[in-house]
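This report describes selected features of one protein model. The sequence and structure are shown first, and the description follows.

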Amino acid sequence: MTVMRKASKTLLVLAGLSLAALVPFAQAAYAATVLSIGDGDTISVLERGQKLKVRLACIDAPETAQTPFGVASRNQLKALLPLGSTVSLRVQAVDRYGRSVAEVIGKGPINLAMVQSGQAFVYRQYLGSCDRGAYLAAERQAQAQRLGVWAVPVGITRPWDFRHGGGVQRRSGATPAAATPTSLSTNPQVAQPSGAKTTCKQIGSFAQAQELLRQGHSYLDRNGDGVACESLR
C-alpha cells in the first residue's frame with residue numbers, strides 16, 4: 001500500500017511539472033534582437049542565441065507585389081523596429097512554415113501599430129489570441145482616416161485574396177486591382193455599382209465578392225466588418 005501511495009504521489013508531481021512547463025510558453029514574453037525585416041508582417045530575430053523567423057500575429061500586411069503598398073508596409077515596420085533593437089516576443093504558436101507567430105512589443109505593441117497606421121489589415125481568421133476589440137477599433141480608425149491601405153475606397157485587395165489569385169497577376173509593375181477603378185464585366189452575372197444589386201449566390205466566388213465590395217457594392221457587406229459574402233469562404 002505504501003509503495004502504491006508513493007507511486008501515486010510521484011505521478012502527481014510529474015503531472016504538475018509537465019503542466020508548469022507548458023503554461024509559461026503560452027504566457028511568457030521572450031527578449032530578442034531584431035536582425036532583419038522581411039515584409040510588413042515578417043521579421044528575423046536573434047532569441048537566446050538562435051535565429052528565428054517571426055510572423056506577426058493577428059495581422060496581414062500587403063504582399064510585396066502589391067505595389068506600392070507592400071513596400072510602404074515594410075518600410076513602416078522597419079521604422080518601428082530598427083535593426084539591432086530589442087523587442088519582446090509573446091509567442092502564440094508555430095505555423096506550418098516553422099515561423100514563431102507572436103505579438104511583438106518594441107516601443108509599444110508593434111502588431112497593433114501596423115494596423116493603426118493603415119499598413120496592415122486585421123487578420124480576422126487568426127484573431128483569437130489577440131485583443132479583438134482593440135485591433136478592430138484600430139482598423140476602423142485607420143480606414144476613417146484613409147491611411148495606408150485605406151487610401152483607396154474600401155481598401156486595397158486583401159493580401160489573403162491576393163495570394164490566392166484574387167488580385168492582379170503578379171508581374172513587375174502591376175497595380176493592385178483595387179488601386180484603380182476596375183470592371184468585372186467579363187462575368188455577365190455581376191452587376192456594376194450603378195446597376196441592380198447582385199446576391200452573393202450569383203457571384204459564387206469569395207475573392208470576386210471582395211473585388212465588388214472594393215468597387216462600391218457595399219450592400220454585400222451586411223455586418224459592416226469590411227468583408228463581403230462571408231458565406232462564400
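## Phe-69 and its helix

Phe-69 is located in helix H2. The model is a predicted one, and in it Phe-69 has a relative accessible area of 12%. This residue is classed as buried because its value falls under the 20% cut-off. Along the chain, Phe-69 and Gly-40 are 29 residues apart, and their C-alpha atoms are separated by 9.6 Å.

Helix H2 covers residues 69-80, which makes 12 residues. From its first C-alpha to its last it reaches 17 Å, close to the 16 Å expected at 1.5 Å a residue.

## The buried face of H2

Which residues of H2 are buried? They are Phe-69, Gly-70, Ser-73 and Leu-77. Viewed down the axis of H2, the buried residues fall within an arc of 105°, so they line one face of the helix. An α-helix has 3.6 residues a turn, so residues three or four places apart point the same way.

The cover over the buried residues of H2 includes strand S1 (30-39), strand S2 (42-47), strand S3 and helix H3 (110-116).

## The largest pocket

The largest pocket has a volume of about 860 Å³. Two or more residues of its lining are given by each of these elements: strand S3 (50-56), strand S4 (59-60), strand S5 (86-94), helix H5 (159-163) and helix H7 (206-214). H5 supplies the largest share of the lining, three residues.

In total, 37 residues line the largest pocket, and those that lie nearest its centre are Arg-55, Asp-60, Tyr-123, Tyr-126 and Arg-163.

## Ser-205 in a loop

Ser-205 lies in the loop between helix H6 (200-203) and H7. Is this residue buried, partly exposed or exposed? Ser-205 is partly exposed, because its relative accessible area of 28% lies between the 20% and 50% cut-offs.

The C-alpha atoms of Ser-205 and Cys-229 are separated by 8.8 Å, and the two residues are 24 residues apart along the chain.

## The protein as a whole

The protein contains seven helices and eight strands. Of its 233 residues, 44% are buried. Among contacts between residues at least 6 apart in sequence, 55% join residues at least 24 apart.

Conventions
Residues numbered from 1 in each chain as written. Predicted model: local features only at pLDDT ≥ 70, side-chain atom pairs only at ≥ 80, totals over all residues. Heavy atoms only, no water. 1 Å grid on protein atoms, 1.4 Å probe; cavity = no way out; pocket = protein on both sides within 12 Å on 5 of 7 lines; lining within 4 Å. Points joined across faces, edges and corners; volume = space filled by probe spheres on them. Helix = DSSP H or I, 4+ residues; strand = E, 2+ residues; numbered from the N terminus. Expected span 1.5 Å × (residues − 1). Buried < 20%, exposed > 50% of the residue type's maximum accessible area, 1.4 Å probe, protein only. Arc of directions from axis to C-beta. Contact = heavy atoms within 4.5 Å.
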